[in-house]
Each structure stands twice: as structure tokens, then as C-alpha cells.
Amino acid sequence: MQVSLKNYTLRYLSIAFLMIITIWAALFYAFILEEVYDNVDDGLKNQKILILRAVYEDPQLLETDNYGINQFRITPVSEEDNFSEENQLNNEFFYMPYDDEMEPYRVLRTGFYAPDQKPYHLEIRTSTVEEDDLILNLTTALIVLYLVLVLGVYLINELVLRRAWRPFNIILENLNLYRFGKKDDLKALSTNIVEFNQLNKEIHRMWRRNEEVFDEQKRFIENAAHELQTPLAITINKLEMLMEDELLSESQLTQLAASKSSLTRLVNLNKALLMLSRIENKQYKDVDRIGLNQLVKEISEDYKDFLSFKDITLQVEEHAVFDVSMNKDLALVLISNLFRNALRYNIRGGIISIRIRKNQLSLANTGDQIPLEQKKIFSRFHKGTQDSQSTGLGLAIVKSIVDTYPELSIDYRFEENWHIFSLEKS
Amino acid sequence: MKVLIIEDEADLCDVIKSFLEGEKYMVEIANDYANGLAKLVNYDYDCVLLDIMLPGGTGMQLLTELRALGKDGSVIIISARDSVEDKVEGLELGADDYLAKPFHLAELLARIKTIIRRKNHHGEQAIQFKDIKLFPEERKVLVRTDELQLNRKEYDLLYYFMIRPEKLITKTSLAEAVWGDDADQSDNLDFIYSQIKNLRRKLKNYQAEVDFQAVYGVGYKMV
């Protein structure tokens, strides 16, 4: 489960507070009781001395055999009682008329020899703290304290941490908004918190580094592709010249043609890579309002002869107008690559079915009755079947074009033996 | 017809030169900016093949100079850079066409013929071979006096054969000519085959004197 940083600390703080307060309460309670009994006991012992003195002066007190207002009683020791002059301190309950219930008393029991040399028990009592009430009150107080603390921490979190973490949230938002090479939408960060400034700086540095590496790589691909074109041009043209020679034997000519064909493939691969590189370099900047309905019509017209050659039926259903703002050339490449794909992997006598709805264009074709690998078909050089003639870049270019425009998306699905590519605008 | 090639790759110049000379053009070569400019100033050419990246300057600068001189020779830019911007810039500066390297020689020839024909309004507009006449502006083909009905691809194919009759044209060149990029597919080669078959049948129906000859499965020749 994911929790926000604020609540994360709050959870642990609440548990910690609870534990600290519980332990503290137990110790506090023990100390308080200790202190209270100590005090009470000292009072009782003091009283004992006073009583004994009084008894020696006034033996009549020996007849105080009931707790009266004096809060002590003296009883003669009978034979069977064990007699000790030690002080025994106990807690006992006595009825208290004021409260109309039994209340705790601290009782000191001891023995002494009266002036008549007879042993007597002396019991002195005094009202003491009601422990259960004490516990109850203490607990209530502590629960209130605990709640106030947790609430306090929560409020501090909400107010202070939210303020303190605001730069962090801006950084997060920026990370979310960031698109490669596009920093216009990012919010400026102004904070005096060192860590956040550092984080922000490092993120920007990382972006810059990545962009530099990426740009360099793209420049490299572009330059490499360019540099390859000239030697390829020379080689292809020389082969063509060579093939003009009337004296060539069949096998020589066939081999030359095969070489030329391989070189042509290399040229196409080169062109496709260049195209990809340009799309990703955002070199197709001009944006027009493109009517895909019209574009589909133009492209199907271009491929009419080829459709009839492969005996493929084209069905176009226009349910609505699908307009999109994008580069004209890219739109053409996008739709024709999809169209060619549907054509190339179709079967003789198959069908291409194009449906245009509002903000959606789907292109379905018959073909092999095996679904393609959804995750891989748009990746570069992925070839579904071992097709030596395909560059493996057609759909990668499609994907790359679609990715250039955030509102567009493309996906593939296999439904009832139809391969369906669907282009959508959000 | 005089053609000037301004291109720094000597090998490429040579091969284009010998090809065009085979097509009865007079060809001169300039390997850098200064040389190219000198030739452009001193002579007139029907067509200039211009590379963009040259030692000592750019093809775009040369193009500007050429137009400043008021010369109206056709210019085809041949460049390894085929980005949209380059094309647009070249065409805006007054180039007549833009051909990305590498290209098929047959394609180069087709482009040269097209632009020279466009400049020469007075000249013969039709291309003729035996009893076939092809009118590129109207995309019309006559067998003697009867018009031949062709679909677009068939017409494109025939045009390619017409500008180089009796020469071998490979299937890959044909495929690229009628198909553009991404031409090298087995499907397309089959398609070329079927289109040639159709074309041959149509020509036969009109009792044309020409025919296509398959050359070892490599390509075709119009005879």
C-alpha cells in the first residue's frame, strides 16, 4: 500500500507516542504511588510515636478499642495472637459514610508494651489515594494528551510539511510534464531549501546529459546514413552501367542484378533509418489540419492497381470525419505505411477494411491466422515472419510518428482472424 | 544537349558522365564550387546536375548565382540529403527537380528528359519509338493513331521503356520508378511482372510493332 510521506511519518509517530506515553505512564504511576505511600507512612509512623507518648502519659487511652475520631485503636494481645513490635503497613478498605462506600485506607499495625507491661496491638489508619480513581484519571489525562499530540503532529505535518515539501511537489510535477527536449511547460522552482535545489539541479543536469547523448546518437545515425548514400550511389550506378553490357552471360547478369537488389535494400533501410531519426529530431515541424478521410481515399487510389493485382477487396466505411493536426508528410507516411502493411501481409483474395469514426481510424486486414506479438510489432527491426525483403521499420516509423503527437495513439489487436490497427485521437 | 555535373565525388561524376554520354549527351564535369561557377558563367547548359555539399561552397549558393546571371538552364539537385527542408529550399531557389542519392540512372535520365522537355516548349513534345508515340504532358499514348488506354502504373512503366528503348531496365529500377520508396519487395516484383504482361497484351491488341523482352529474369528491354 502506498502512503504519502506525511502520513507515513504520522503513522510511526503515533505508534511511538503511544509506546512512550504508556511506558511513561506506568513509571509515573509507580513513582507517584511510591511517593504518596512514603509520605502517608511517615505520617503514620510519626503518629505512632505521638500515640505511644500519649499512652504513657494517659493510660486511659489504652481503652480506645475503636476507630473513632482518633483514627486509631488499641487492643490487648490475646494468647494466640502473634505479637511483634515491628511496623506492618497495609492497604485496607473501610466504610466511609461520606462517600457511602468502602474506601482505601493505609493501616499501620504494631505491638507495644504498655506501662502495665502488657502487650497491646496498635492500629493507626489514614485515608489514602484511591488507586483505581488515580489510574482512571491518569489514563484519561494521558489519552487526551496522546490525542492532542497526534493531532498536533498531524496539523504540523499538514501545514509545515506541506509548505516545506511544496518545492518537491513542483519537481515531481516537472518530471511528469517533461518531454524530451521540451522544457517550456516546466514550472520554475524557487526555494531556499538546499536539498531541493540540489535535487532540481541534478535532475536538470541529468536531462541535459541524456539529451546530449541522445542528440549525439541521432546526429551520428543521420551522418552515417548520409555518408553511406554517396558510395551506395556510385556502386549502384556502376553496376547499372555494367549491366548495359550486351556481352554479359546470364549468370553474370543475374549476379549483378542480385547485387544491385541487395544494395537497393540497403538504400531503403538507410532511408527508413533517416526518416526515423528525422521524426525523432522533430524535423517535421509544420502542422496542418489533415483530413484523414481524404488522405485514405488518395492512398487507396494510389494502390488501386496493386490491390487488384493481389485480388484484395478494399472496404472503406466513413462514419464521421476524422481531422487531425499534424505534419502533412508525416500523415501521408503514417497512413501509407499502415496501408502497405495491411497489403503486404494480406493473402491473395483477402480484404482490407477501413473504418473511420470520429477520432478513430481502424484498418483491419485478413492475413495469417496467428496474432502478432502486440508488444514487439512496433519495435525496430522486429519481423513477424522471416521476410527478407521487409526493412522491419515500417511500423516503427508509424509508432514514432504517433508518439510525436501526444493526442494520438495506435494499437494492434487480433480479433476473429482480423489484424486490426487502430489509430485514435484523445 | 549539354549537361554539366557539379559534384565532388569523382567516381560518381564518371559513372554519370559515361551513362549520359551513352544517351548522346555532351557532358562536362566540375568538381568544386569555383570550377562550377566558372563553367556556369562562361557556358550555357541545357541541364545542370548540382550537388549541395561542395568544396568551397554550397550548391544552393551556386543556384543563387546562376539565377542572378539570368541563365535559364534547368537544374536538378542531386544530394545525399533528402530532408524536406533541403528539397523545399532547393526548389524555392529555382531548382527544377530534386533527386536524392542514391538514384537509378534510368530515373536520372527520366528526370533530365522531363525537365528539358518542359523548358523546350517549341520542340517535339512526344517521345516516339517505332509506331508508338507518348505524350508526357497529357499522359497519352498513341499506337499509330489509336489511343492506348493504360492505367497509371502501366503508363509509368511504358514511359520508362520509352525513354530508353532497346536498353535493359532492371526490375528493381522499374519497381522503384512506379512504386517510390520501399520498392524492393517480392510482391512488387511480381506486380511488375503482371503489369508488363498486361502492357504487352494491350500493345498486341493494337498490333504495335514493339514488344518487351525479358532478360534472364533480371529485367526487361523494349524492342
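In chain A, residues 24 or more positions apart make up 64% of the contacts with a separation of 6 or more, a contact being two C-beta atoms, placed from the backbone, within 7 Å. This is a predicted model, in which local features need pLDDT of at least 70, side-chain atom pairs count only at pLDDT 80 or more, and totals for chains, interfaces and linings use all residues. Residues are numbered from 1 along each chain as its sequence is written, while chains are lettered from A and ligands numbered from 1 in the order in which they are written.

Staying with chain A, there are 8 helices and 11 strands. Helices here are DSSP runs of H or I with at least four residues, strands are runs of E with at least two, and both are numbered from the N terminus. Of the 426 residues of chain A, 20% count as buried. Buried is 20 or more other C-beta atoms within 10 Å of the residue's own, exposed is 12 or fewer, and partly exposed is in between, again with C-beta atoms placed from the backbone.

Two residues of chain A, then. Leu343(A) sits in helix α7, residues 328-344. Leu343(A) has 20 other C-beta atoms within 10 Å, so it is buried. Leaving out residues up to four places away in sequence, Leu343(A) touches Tyr303(A), Phe306(A), Ile312(A) and Ile352(A). Gly367(A) is 24 residues from Leu343(A) along the chain, with 9.2 Å between their C-alpha atoms.

Tyr412(A) is in strand β10, residues 408-415. Tyr412(A) counts as partly exposed because it has 16 C-beta neighbours inside 10 Å. With residues up to four places away in sequence left out, its contacts are Leu372(A), Gln374(A), Ile377(A), Ile420(A) and Phe421(A). For Gln374(A), the separation from Tyr412(A) is 38 residues in sequence and 6.3 Å from C-alpha to C-alpha.

Next, a helix pair in chain A. Helix α4 (residues 250-280) and helix α8 (residues 394-404) pack at about 10°, axes 9 Å apart. The axes are lines fitted to C-alpha atoms, for helices over the stretch in contact, and angles run from 0 to 180 degrees between N-to-C directions. α4(A) and α8(A) are therefore roughly parallel; that label covers angles under 35 degrees, with over 145 roughly antiparallel, 65 to 115 roughly perpendicular and the rest oblique. Among the residues of α4(A) that meet α8(A) are Met275(A) and Ile279(A), and on the α8(A) side they include Ile397(A) and Ile401(A).

Now chain B. Which strands does β1(B) pair with in the parallel sense? One is β2 (residues 26-30), over 5 bridges; another is β3(B), over 4 bridges. Pairing requires at least two DSSP bridges between the strands. Val3(B) stands opposite Val27(B) in β2(B), and Ile6(B) faces Leu50(B) in β3(B).

UniProt, in an unreviewed entry, lists Asp51(B) for "modified residue: 4-aspartylphosphate"; its positions are in the numbering used here, feature names are shortened, and annotations may be inferred rather than shown by experiment. Asp51(B) lies in the loop between β3 (47-50) and β4 (53-54). Asp51(B) is buried, with 25 other C-beta atoms within 10 Å. Residues up to four places away in sequence aside, Asp51(B) touches Ile6(B), Glu7(B), Asp8(B), Gly59(B), Ile78(B) and Ser79(B).

Last, the interface: 36 residues from chain B and 34 from chain A take part. On the chain B side, α1(B) gives the largest share, 6 residues.
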